[in-house]
Amino acid sequence: MAKVSSQDLGHQPIGKLLIKQAVPASIGILVMSLNILVDTIFVGNWIGPTAIAAINVVLPVSFFIAALGMAIGIGGSSIISRALGADNQIKACKTFGNQITLTILVTIIFVVFGLLYINDIVPAFGGKGSIYELAKTYYRIVLYGVPILALCMMGNTVIRAEGKPKFAMYAMMFPSVGNLLLDLLFIKAFDFGMAGAAWATTGSYILCFLFILWFFLSKNSELKINVKHFGLDLPIVKEIGSLGFVTLARQAIVSVTYLLMNNILFDLGGETSVTAYAIVGRMLMFALFPVYGITQGFLPIAGFNYGAEKYKRVRESIITAVKYGILLCAIIFIFLMIFPDAITKLFTQDTDVLKETPPAMRWVFAATPIIGIQLIGAAYFQAIGKAIPALLLTLLRQGLFFIPLIFILPKYYGALGVWMAFPISDVLATIVTAYFLHREVKTNLNTKAF
C-alpha cells in the first residue's frame, strides 16, 4: 500500500480528496455516535429512564473539560496543516509538543476543580430530584478519565492534520466498540448499575489513548513525540490559544446550553422533559455524523492549501464541501421527520417520554437541510487561521440566537417554545454565515487566486 503523505492534500482532485478525508471521518464519528446512542439505550433499558437524564447532566461538564483538548488540538492542527503546506517540519513538530504539554496541564487543573465542587456542579447542571445521586456517581468516575479523553481528542485532530484520516477513524472506532463491550460486562453481567456505565466509558478513553500513542510512536506519523518539543513556546501557545479558543468557546456555549436547557425543561416538565432532551441530544450527535465528517475532512484540505497559497483549491474545497453538506443534511432531515416515534422507542418504553419526544425531535431538526453551510463556513475561517471571524460565526447559533430564544419563547409557548428555538436559531445563524462565506470567496480568495 502506498504511503499516505500530507502533501497529497495539495495535489489530488478536491472532490476525490474530500471524500477520501470525509468518509473515514464520518465512519469514525458514526461509530462514536453509535456508541453514545447504544450506551444510552443500554442505560435506559437496564438502569432506567432517569439514568439517561443523569448522563445528560454530566455530559456538558465532562465534555467541556475534554473539549480543552479538542480546542488545543484544532488550534494547533491549523498551525500544523499550514506549516506542512509551507514545508516547515520544525514548526509542525514544535507545535505538536506544545499541544501535549498544554492539554495535560489545563485539563488536570479543571478536573481537580470539578471534583472539589462536585456537590455544587451536579445540581447546577440539572441534577435535581431523583436524578441527583445517579448523576453524582457517573460524574465522579467519568471525570477521572477526562484528561485521557482530552489527549485523545487533541491527538485525533493532529492525525487528520497529517492527512491520515483512516488512522483517525480507527482511533474513534476502538474505544467505541470497547465501551459497548464494557457496558455489557459492567452493567448487564456484573450489575454495577450507574458506576458500571461510568467505568465502561472511562475504560474506553484508555483504549483510545493507547491507540493514538502507538500511532505517534510508529513510522506512520510524520510528527514524532519528542521531549525537547514539550517546552512551551510563547508565540505558538498564543496562536494555539487564539484558534483553539474558537472550539473552546463553542463547547462552553454547548455546556451552558445544557445547563440552561436541563433547568428550564425540569421546571416546565420535570424528569420527563429532561429525558426527552437527552434523547434528542443523542440524535443530534448521531444523525449529523456525515455532515461532521465533511467538516472534519474539509479542515486539513483548506488549511494545507491556504498555507501552500493554492487559493483556487481553497475556494473549490469550500464549494464542494457545502454541496456535499446540503445533500447529506437533506437526507437526514427526511429520515428524522418520518421515524421519530420508532427512534424514541429504542431508548425507553415510558409513556410520558414517548409522548413528548417525537414532536420535540421534529422541531429540533426542522432546519437541518441548511445547517451544513453554517458548520462549514465557521470551520473555514478556523482552518485558515482567522480566529475572530471563526469565533463569531461559531457562537452565532447558540450564543447570539438560541440562548435568548429559550428564555423568550417559553413565556408564550411553554415547553414547545424551547423546541421552536432550535430551527429559528439555525436559520438565522446560517443566513449570517452564508453572507460572510460568500464575501470571502468572492473577494479575498478570488483576488488571491489570480
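**Salt bridges and other contacts**

Reply: Let's start with a charged pair: glutamate 239 and arginine 82 join their side chains in a salt bridge, at 3.2 Å from N to O. Keep in mind that this is a predicted model.

Me: Where do glutamate 239 and arginine 82 lie?

Reply: Glutamate 239 is in helix α8 (residues 234–287), while arginine 82 is in helix α2 (residues 49–85), so the pair ties together parts that are 157 residues apart in sequence.

Me: And is arginine 82 buried or exposed?

Reply: Arginine 82 counts as buried, because its relative accessibility is 17% and the cut-off for buried is under 20%. Glutamate 239, at 22%, counts as partly exposed.

Me: Which lysine meets glutamate 239 in a salt bridge?

Reply: That's lysine 91, whose side chain meets that of glutamate 239 at 3.8 Å, N to O. Lysine 91 lies in helix α3 and glutamate 239 in helix α8, so this pair ties together parts that are 148 residues apart in sequence. Lysine 91 is partly exposed, with a relative accessible area of 33%. Put together, Arg82, Lys91 and Glu239 are linked in a network of salt bridges.

Me: How many salt bridges does the structure hold?

Reply: The structure holds 5 salt bridges. Another of these is formed by glutamate 222 with lysine 164, where the closest N and O atoms are 3.4 Å apart.

Me: What parts does the pair of glutamate 222 and lysine 164 tie together?

Reply: Two loops. Glutamate 222 lies in the loop between α7 (193–217) and α8, and lysine 164 in the loop between α5 (131–161) and α6 (165–189), so the pair ties together parts that are 58 residues apart in sequence. Lysine 164 is buried at 3% relative accessibility, whereas glutamate 222 is partly exposed at 23%.

Me: Changing topic to cysteines. How many disulfides does a search of the whole structure find?

Reply: The search comes back with 0 disulfides. Take cysteine 208: the nearest cysteine sulfur belongs to cysteine 152 and is 3.5 Å away. A disulfide needs the sulfur atoms within 2.5 Å, so cysteine 208 is in no disulfide.

Me: Is cysteine 208 buried or exposed?

Reply: Cysteine 208 counts as buried, at 10% relative accessibility. Cysteine 93 is buried too, with a relative accessible area of 12%.

Me: OK, on to the rings. How many aromatic pairs are there?

Reply: The count comes to 20 aromatic pairs. Among them is the pair of phenylalanine 186 and phenylalanine 190, which is tilted, with 6.5 Å centre to centre and 35° between the planes. Phenylalanine 186 is buried at 18% relative accessible area, and phenylalanine 190 is partly exposed at 44%.

Me: What about phenylalanine 215 and phenylalanine 216?

Reply: Phenylalanine 215 and phenylalanine 216 make an edge-to-face pair, 5.1 Å centre to centre with 80° between the planes. Both phenylalanine 215 and phenylalanine 216 are buried.

Me: Which residues do ring pairs link into a cluster?

Reply: The cluster is made of Phe96, Phe167, Tyr170, Phe174, Phe211, Trp214, Phe215 and Phe216.

Me: Which ring does the charged end of arginine 397 sit over?

Reply: It's the ring of phenylalanine 402, and the charged end of arginine 397 is 5.6 Å from the ring centre.

Me: Last one: where is alanine 321 found?

Reply: Alanine 321 is in helix α10 (residues 311–338). Alanine 321 is buried, with a relative accessible area of 0%.

Me: How far is alanine 321 from alanine 22, in sequence and in space?

Reply: Alanine 321 and alanine 22 are separated by 299 residues in sequence, while their C-alpha atoms are 9.6 Å apart in space.

Notes:
Residues numbered from 1 in each chain as written. Predicted model: local features only at pLDDT ≥ 70, side-chain atom pairs only at ≥ 80, totals over all residues. Heavy atoms only, no water. Buried < 20%, exposed > 50% of the residue type's maximum accessible area, 1.4 Å probe, protein only. Phe/Tyr/Trp six-rings, centres within 6.5 Å; stacked < 30°, edge-to-face > 60°. Lys NZ or Arg CZ within 6 Å of the ring centre and 35° of its normal. Salt bridge = Lys/Arg side-chain N within 4 Å of Asp/Glu carboxyl O. Helix = DSSP H or I, 4+ residues; strand = E, 2+ residues; numbered from the N terminus.
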